Each structure stands twice: as structure tokens, then as C-alpha cells.
Amino acid sequence: MVQVARETLQGEVLDGDPPILTFKGIPYAAPPVGELRFRPPQPTAPRQGLQPAIDYGPACMQPREYVPDWYRYLAETFAQDPALVPELEPTSEDCLHVNVWTAHVDGGELLPVLVWIHGGGNNSGSPSEAPYDGTNLARKGVVYVSFNYRLNVFGFLAHPTLTAESDHGSSGNYALLDQIAALEWIQRNIAAFGGDPERVTLFGESAGATNIAYLMSSPLARGLFHGAILQSGGYAVNETRTLADMEEMGVGVAAAVGLGDSADLPADLRGLAAEELLAAAFGGHSGWESIPNVDGWVLEEAPGRVFESDRHARVPLVIGFNGDEWTTLGHYGPDPTLEGLREGLRSQFGELADRAFEHYPATNDDEVVAALNSWQTDAHFACPSRVIADRVARTSGKVFFYRFTRAAPGPGGDQLGAYHGAETAYVTDNLSLEPWVPRDDVDQALAEVMSDYWVRFAATGNPNGEGDPHWPVYSADTRNYLELGDQIEPGSGIRPDACDLHEEQLLGQLRADESK
């Protein structure tokens, strides 16, 4: 049992060396329901009596098939049984809960804290997904924390009427505000679990990593964390949604649920069944995207501009990408035809398109898939990550870059390569919890080393330690990185010519947006 915020929490003991104590489903904010829907998170009232903290709380509202379908697709590709994939737990708007794994609640030296922010496109996902279990990382000497945050329309809906009622002239950034509230809860309470509130490192994958980049850009998150690990999330610097952009999407959602002419839209939106809002966002009638916006409060500027002007949080950074991110993401487009490739390159690069054609060549439809994988992996992951790494390196100087290239053994591995999200179970040392992906001894050895790197970075701001290959420090001059694959070995240069082109296009777009 642990005393936290005037409550007594009863967790669970997991046998092992050392034994791990888990405390799950702890509220960190009031349920964002009824009048609190589409508002910043509010404090939670202490509960009376002994509170069981054995089970995860519900997942935040989302289509329940999204998460298991992703893992089932992997299982089928690797010729494994899709029935091995568990169903997502029940969903609810009452979902703002935190989970803690620790070996250390009895006093003594406080341990570093690793805080996981899950991915899922900010549309779906849950900390209860199998690869996200914190037991093995906690056994390596950290206090591990995960939490839920509002997703999709519940986490990002902006609308002029919601902005008008806000004291900050803001709407739509509820997911980021949830994450900030969870980090504030950690600062207040993690010492009771043996964690050091002065050594809090955030790590996340995909949308979870982009959210960390947004938190590094937000003045409201300053001082709440002391290190950051961005796994396949550099694309935050590509995103420049304004409050007006997201308000326009919100107008589309209101119209899709039949409230376009409402006299009291905020009240009517809060009175709708959650399922109606979910259907509006995912029904394709509102042009919905789950992206934070520059509202002047949570975000004063887009992340690309914040990093370019050196106004980001100056914390040690691990950042990287997987070698074949797009093999599992092709359904997001562009159209996998020669004309689709060329039209997509023209759309992104404009007057630079001729150079882009040289970097991503294809002469027929059969060659397009490889070109798309290379282009989209660069555009969303490799090159934006390099942009962030360069800017952080010139201010704090403590950056470690990686490229994950391990493909699962067997035919499915040949097809998918180092796909999006593949590294996560290695980082958490949870390969056995993903039985739908084949592994061998090389994978387990890699997982042990990678999880060691992540734990040491949380402890010291440096992933290096005795017995593991040396990870060189990154700089914009050398662009050193560590390859994490069949071999663990250093390299230099992050897609130099292609990423130079991407950076030129990105900076040009930022300048164009700023001049509007």
C-alpha cells in the first residue's frame, strides 16, 4: 500500500528479482465528462477508504477495433495466429488514469523515472497494450509510469464557440493538457513510489513521440521533465495547424452531428452521446485530423518554429527512426502508382520536385512501393528527426541519434523490414509479450541492450555504460548515430542528400507560413 494525495492505494506484487510493485488505474484528473468534456483537465477529489489499484482503467474513447487490428495484421503477415492478440479493454470518457511499476517504495535513494506516452495517431491506443508493460524496465532500475490521455475528437476538437468560452482563448489541445496534468501528478506524487521527480524522462513512439516534441515546445510543460526520447516522432516539426484550422474542422464535426445551427453549441456538444461524436470524427464527413494547434497558450508557435529559434526545452535527447517505417503505413497514401508518386512529390516539394524525383526514382508501378517507402520514411521520420536533433544539439549538446534496422526473422520480416513501431518491444524488453511476431536469440540480445540504453539515459542523460557498444554523441557536423539491428554499430550521416532537400522544403514552408 502507498499513500498518495490523501489516498491509500493497494497495488499488486509481481514475484521476481527484484519483486515489482504495480499500481494501476490511479486517477490523475477528474473524469472529463458532462460539463468537463472539451475543457482542460480538472483536479480529482480524494476518494475515501482503501482504493484498489490492481487493474488498468478503461481506454479512452476510440474505435475498439483499431489497436487489435494493427497487431492482428502483423500476426497474419508473420504467419502467426491472430487469436494471440488480446482485445482492447473497455473504453470510456472517464479514462484519465496513471499506472506505476516500481521496485522501491520503502525509502532510500530515489530512482529515475521513465514516463511512457503511447502512440496510435492520437486517434487510438492505450497504455495497456502488451509491449507497454513496465515490469522489465522497472527491474532494471527505474520507476516506470504510463497514462491515458484523451484521443481523437475528445482530445482535439476546437470550435469558435469553445474558444469563446475559454479564459485563455483556446480550444482543441485537451490531449496535451491531459499530458501536462499527468506530468504534474508525477511531480507531486512519484516520490511516494520511490521515483525522483528531478529525473523524469519522457519516451514515446509515433504520435506519443510527436506529443513529446509538442511538450518540448510548450511553455506550460517547462520543468516537468528532464529528458526526452522520441521514437519515430520527428514529424511534429512538419505540423503547423493553427487554432483557426482546427476550429474549421470542429465546424465540420458539429455539422456532421446535426448541430451546425445550434444556439448553444458547447452545451449541445457536451450533451451528445460519446459514440455519436466518435462516429462523426471517423465517418469521413468532417475532414477530421487529431493534431494539436497553435493557440497562443498551450502552444505559442508550431514546433518547427520553436526548434528553429532554439526556444524548446533544453533537455538531453534520444531520437531516431526505423529503417522501413512506411511498409505498414501505406494505407495513409499517397496512391501507390507512378502517377500517385509523382503527384505526391510535386505536392510536397513544389519547385523542388525535380530534385525529389532524383531521390525517389521509379519508372513503373512495380518500382513505386520501394520509392514510396523511402520517401515517406524520410519525410515523416528520418529527416524531421534530423531537424530536431540538429537544433537540440546546438543548444544543449546532449543528443543521441539511432536508426533501428532489425527485421523479424522469416518471410514476414522480408516484407515489412524494420516497420513502424517494431522497436517498442525491444525498448521495453517485452518481446515475449508479442507472441504474434517471430523472434530469435539475436532479437533478445538486442532487446537487452536497447532497454539498458534507455534506462541509463533516464538515470544519467547518457545511454552509454560498461559492456555495451559505445553510442556516439550526435552533432550537426558529424551526424553520428547508432545502428540498432542485426549488428549494433555506429555510423555517421542521416540520409544526407535526401534530408538536405527535405529540410530546405520544410524551412521554406515555415517561412511562407510565417509571412501569411
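Leaving aside residues up to four places away in sequence, Pro-316 touches His-226, Gly-227, Ala-228, Lys-398, Phe-457 and Gly-461; contact here means heavy atoms within 4.5 Å. This is a predicted model, in which local features need pLDDT of at least 70 and side-chain atom pairs count only at pLDDT 80 or more, while totals for chains, interfaces and linings use all residues. Residues are numbered from 1 along each chain as its sequence is written, and side-chain values use heavy atoms, with hydrogens and water left out.

Helices (H or I, at least four residues) and strands (E, at least two) are DSSP runs, numbered from the N terminus.

Pro-18 sits in the loop between strand E3 (12-14) and E4, and the peptide bond leading from Asp-17 to Pro-18 is cis, with omega near 0°. Ser-232 belongs to the loop between strand E12 (227-231) and helix H7 (243-256). Phi of Ser-232 is near 60°, a positive value in a residue other than glycine.

Now to the helix pairs. Two packed helices are described by the angle between their axes and the distance between the axes. Axes are lines fitted to C-alpha atoms, for helices over the stretch in contact, and angles run from 0 to 180 degrees between N-to-C directions.

Helix H11 (residues 338-349) packs on helix H13 (residues 368-395) at an angle of about 20°, with the axes 10 Å apart. That makes H11 roughly parallel to H13, since angles under 35 degrees count as roughly parallel, over 145 as roughly antiparallel, 65 to 115 as roughly perpendicular and the rest as oblique. On the H11 side, the contact is made by Leu-338, Leu-341, Gly-344, Leu-345, Gln-348 and Phe-349; H13 brings Val-368, Ala-371, Leu-372, Trp-375 and Ala-379. By class, this contact has nine nonpolar, two polar and no charged residues. Here Ala, Val, Leu, Ile, Met, Phe, Trp, Tyr, Cys and Pro count as nonpolar, Asp, Glu, Lys and Arg as charged, and the others, Gly among them, as polar.

H5 and helix H6 (residues 207-217) have axes that come within 11 Å and cross at roughly 75°. These two helices are therefore roughly perpendicular to each other. Leu-176, Gln-179, Ile-180 and Leu-183 in H5 meet Asn-211, Tyr-214 and Leu-215 in H6, a contact with five nonpolar, two polar and no charged residues.

On a 1 Å grid over the protein atoms alone, a cavity is a set of points where a 1.4 Å probe fits but cannot get out, and a pocket is an open set with protein on both sides within 12 Å along at least five of seven lines; lining residues have an atom within 4 Å of a point. Grid points are joined across faces, edges and corners, and a volume is the space filled by probe spheres set on the points. By this rule there are two cavities of 30 Å³ or more.

| Space | Volume | Lining by class |
|---|---|---|
| Largest cavity | about 40 Å³ | six nonpolar, one polar, two charged |
| Second largest cavity | about 30 Å³ | six nonpolar, one polar, two charged |
| Second largest pocket | about 450 Å³ | 15 nonpolar, three polar, five charged |

Among the residues lining the largest cavity are Cys-60, Cys-95, Glu-93 and Arg-150. The lining of the second largest cavity includes Arg-406, Tyr-419, Tyr-426 and Arg-439.
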